[in-house]
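Trainee: I would like to go through the labels used for this model and see what stands behind each one.
Mentor: Then ask about them one at a time.

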Amino acid sequence: MLDALTVVTAVAALLLTAWCGWAAYRDQPTKDWHFIGMAVVSLLAVVQLVVGVVQLARGQQPEQGTTIFVAYLLGAFACVPAAGFMSLAERTRWGSITVAAGGVVLAVLEVRLYDIWGS
C-alpha cells in the first residue's frame with residue numbers, strides 16, 4: 001500500500017474529527033461544510049480502496065492475509081459515509097459527535113491497515 005496515502009487519509013480523518021468535535025462543543029449540528037469535509041475524507045478512502053484492490057490484483061499480498069485486509073479496506077471505505085448518514089438523522093450536536101467518532105474510527109482503521117499490509 002502507499003504509506004503516504006494512508007497517512008494523508010488518517011490525518012484528514014483526524015482533522016474532520018477536530019472540526020466536528022468543535023461544532024459539537026459549540027452545540028451545533030453537522031452543516032453543509034461538514035458534509036463537504038466528509039466527502040473529501042470519503043474520496044481519500046475510495047482512492048485507498050482502489051489502490052489496495054489494484055495491488056492485490058497485481059499479486060502483492062498483505063502480511064496478515066488478504067481477507068482481513070479487504071475487510072478493513074471496506075470498513076474504512078464505509079466508516080465516514082455511515083457516520084454522515086447517521087448525523088442526518090440526528091440534527092443536534094450529537095450528529096456532530098457521531099461524525100467526530102467516525103473520524104476517530106477511520107484513523108484507527110488506517111493504522112490497522114498499515115499494520116496488516118506490513119510496510
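Trainee: Why is Cys20 called buried?
Mentor: Buried means under 20% relative accessible area, exposed means over 50%, and partly exposed is in between, with a 1.4 Å probe and protein chains only. Cys20 has 0% relative accessibility, so the residue counts as buried. This is a predicted model, in which local features need pLDDT of at least 70 and side-chain atom pairs count only at pLDDT 80 or more, while totals for chains, interfaces and linings use all residues. Residues are numbered from 1 along each chain as its sequence is written, and side-chain values use heavy atoms, with hydrogens and water left out.

Trainee: What makes Cys79 buried?
Mentor: Its relative accessible area is 13%, and the limit for buried is under 20%.

Trainee: What span is expected for H1?
Mentor: The rule is 1.5 Å times one less than the number of residues. That gives 33 Å for H1, and the helix reaches 33 Å from its first C-alpha to its last.

Trainee: What covers the buried residues of H1?
Mentor: The cover includes helices H2 (32-57), H3 (66-89) and H4 (93-117), with contact meaning heavy atoms within 4.5 Å. Cys20 is one of the buried residues of H1, as are Leu5 and Leu16.

Trainee: What makes Asp27 and Arg93 a salt bridge?
Mentor: The rule asks for a side-chain nitrogen of Lys or Arg within 4 Å of a carboxyl oxygen of Asp or Glu. In this pair the closest N and O atoms are 3.9 Å apart, so the pair qualifies. Asp27 sits in the loop between H1 and H2 and Arg93 in helix H4, 66 residues apart. The count by this rule is 1 salt bridge.

Trainee: Are these two residues buried or exposed?
Mentor: Asp27, at 54%, is exposed, whereas Arg93, at 32%, is partly exposed.

Conventions:
Helix = DSSP H or I, 4+ residues; strand = E, 2+ residues; numbered from the N terminus.
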